[in-house]
Amino acid sequence: MKPGQATGGKFKITSASPSRAKKGRSGLRGEAQRIAAVLPADVIADAVGVSTRTVHAWVTGGTTPTGVRARRLAELSAVNERIGRVLNEDYIPVWLIKPNAALDEQTPVEAIAAGESREVLRLISSLESPGAA
């Protein structure tokens, strides 16, 4: 399989050399690669507000996210890391697209796309420590 080739909605990340892997994993491009290794491209695209083609370009090194899209990608990454402490990794993509009463029936992806990632993180905090939120 070639670097960045799509596999079942996710991207398999490989590299030809250690130096290239180090460069490819740095910054926001590396963040896109890490997220794409665990989340389907359509979920990333919906949360960040881009096409799946753009997600693919980030993952394969064609472009790098900037501006508001870079912020949304970082927010999605933070949400993904936090929810991974509470839920089984296989269920995370479902949880992200499932309407949630705590978010006024929005999905976590919709909330992130709308710039409301703090609300999603508060929800996750309540799952991490049920009495804390």
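## Contacts, fold and two residues

Among contacts between residues at least 6 apart in sequence, 53% in the protein chain join residues at least 24 apart. The model is predicted.

**Overall make-up.** Two strands and eight helices make up the listed elements of the protein chain. Read from the N terminus, their order is β-β-α-α-α-α-α-α-α-α. The protein chain has 133 residues, of which 35% count as buried. Its accessible surface is about 7400 Å², and carbon and sulfur atoms account for 50% of that area.

**Arg 69.** This residue sits in helix 5, which spans residues 67-83. Leaving aside residues up to four places away in sequence, Arg 69 touches Val 48, Gly 49, Val 50 and Trp 58.

**Thr 107.** The loop between helix 6 (92-97) and helix 7 (108-113) holds Thr 107. With residues up to four places away in sequence again left out, Thr 107 touches Leu 96, Ile 97, Lys 98 and Pro 99.

The table lists the two residues by relative accessibility.

| Residue | Relative accessibility | Class |
|---|---|---|
| Arg 69 | 33% relative accessibility | partly exposed |
| Thr 107 | 9% relative accessibility | buried |

Thr 107 counts as buried because its relative accessibility is 9%, and the cut-off for buried is under 20%. Arg 69 is classed as partly exposed because its value is 33%, and that class lies between the 20% and 50% limits.

Technical notes
Residues are numbered from 1 along each chain as its sequence is written. This is a predicted model: local features need pLDDT of at least 70, side-chain atom pairs count only at pLDDT 80 or more; totals for chains, interfaces and linings use all residues. Side-chain values use heavy atoms; hydrogens and water are left out. Helices (H or I, at least four residues) and strands (E, at least two) are DSSP runs, numbered from the N terminus. Buried means under 20% relative accessible area, exposed over 50%, partly exposed in between (1.4 Å probe, protein chains only). Contact means heavy atoms within 4.5 Å. Accessible areas come from the Shrake-Rupley method with a 1.4 Å probe; for residues, only the protein chains shown count as cover.
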